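Please consider the structure shown below.

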Amino acid sequence: MYAISFMINSTFFVDRGKVAASGSDNLTKIVAVIVDKDLYPSIQSDVERYTTSYIQARQADTKAIVLPINIKNISAPDIVKILENIYFDGIQDVPSKLAGIVLIGNIPLPVVQDNGFVYPSIYPYVDFEEQ
């Protein structure tokens, strides 16, 4: 059986060179920049320069999205949901995925319970595969 399989493979084999899944090289990486809405007006030009001149210019295929949030009305679980949606859905009609976050200002951090201890952690903001 092996000999027959080898002969068929040798006879009909076509070398197509490098084979890869389509679209993997064209994935846009999203960096969510979450900014305290009260602080944002005073640093808006700096944030815009940082997102365009540093994040997007120095990281290939990267798009920075600035999200000014009202920390009085939005809690850590709300931010987790926003980031989770960006992670799984990306930018509409563009193959994309959340690749990182930047927190500016007094952004609430989620708390995590582990072995009876409760402590703030950034993991709920970045780990959506293994919650």
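The following paragraphs treat the charged pairs and then the strands.

This is a predicted model, in which local features need pLDDT of at least 70 and side-chain atom pairs count only at pLDDT 80 or more, while totals for chains, interfaces and linings use all residues. Residues are numbered from 1 along each chain as its sequence is written, and side-chain values use heavy atoms, with hydrogens and water left out.

**Salt bridges**

Side chains of opposite charge can pair when their charged atoms come close. A salt bridge is defined here as a side-chain nitrogen of Lys or Arg within 4 Å of a carboxyl oxygen of Asp or Glu.

| Aspartate 38 | Lysine 72 | 3.0 Å |

Aspartate 38 and lysine 72 form a salt bridge with their closest N and O atoms 3.0 Å apart. This pair links distant parts of the chain, 34 residues apart: aspartate 38 is in the loop between strand 1 (28-36) and helix 2 (40-58), and lysine 72 is in the loop between strand 2 (62-69) and helix 3 (76-89). Helices (H or I, at least four residues) and strands (E, at least two) are DSSP runs, numbered from the N terminus. Aspartate 38 and lysine 72 are both exposed; the classes are buried (under 20% relative accessible area), exposed (over 50%) and partly exposed (in between), with a 1.4 Å probe and protein chains only.

Arginine 49 and aspartate 46 both belong to helix 2, where they lie three residues apart, about one turn of the helix. Arginine 49 counts as partly exposed because its relative accessibility is 48%, and aspartate 46 counts as partly exposed at 39%. In helix 3, glutamate 84 and lysine 81 are three residues apart and are therefore separated by about one helical turn. Glutamate 84 is buried, its relative accessible area being 15%.

**Strand pairing**

Because eight of its nine residues are buried, strand 1 is largely enclosed by the rest of the structure. Two strands pair if DSSP finds at least two bridges between them. Strand 1 pairs with strand 3 (residues 96-104) in the parallel sense over eight bridges, and valine 35 stands opposite isoleucine 104 in strand 3. Strand 1 and strand 2 also run parallel, joined by eight bridges; threonine 62 in strand 2 is the bridge partner of lysine 29.

Strand 1, helix 2 and strand 2 together make a right-handed β-α-β unit. A crossover is right-handed if, with the strands pointing away from the viewer, the path from the first strand over the helix to the second runs clockwise.
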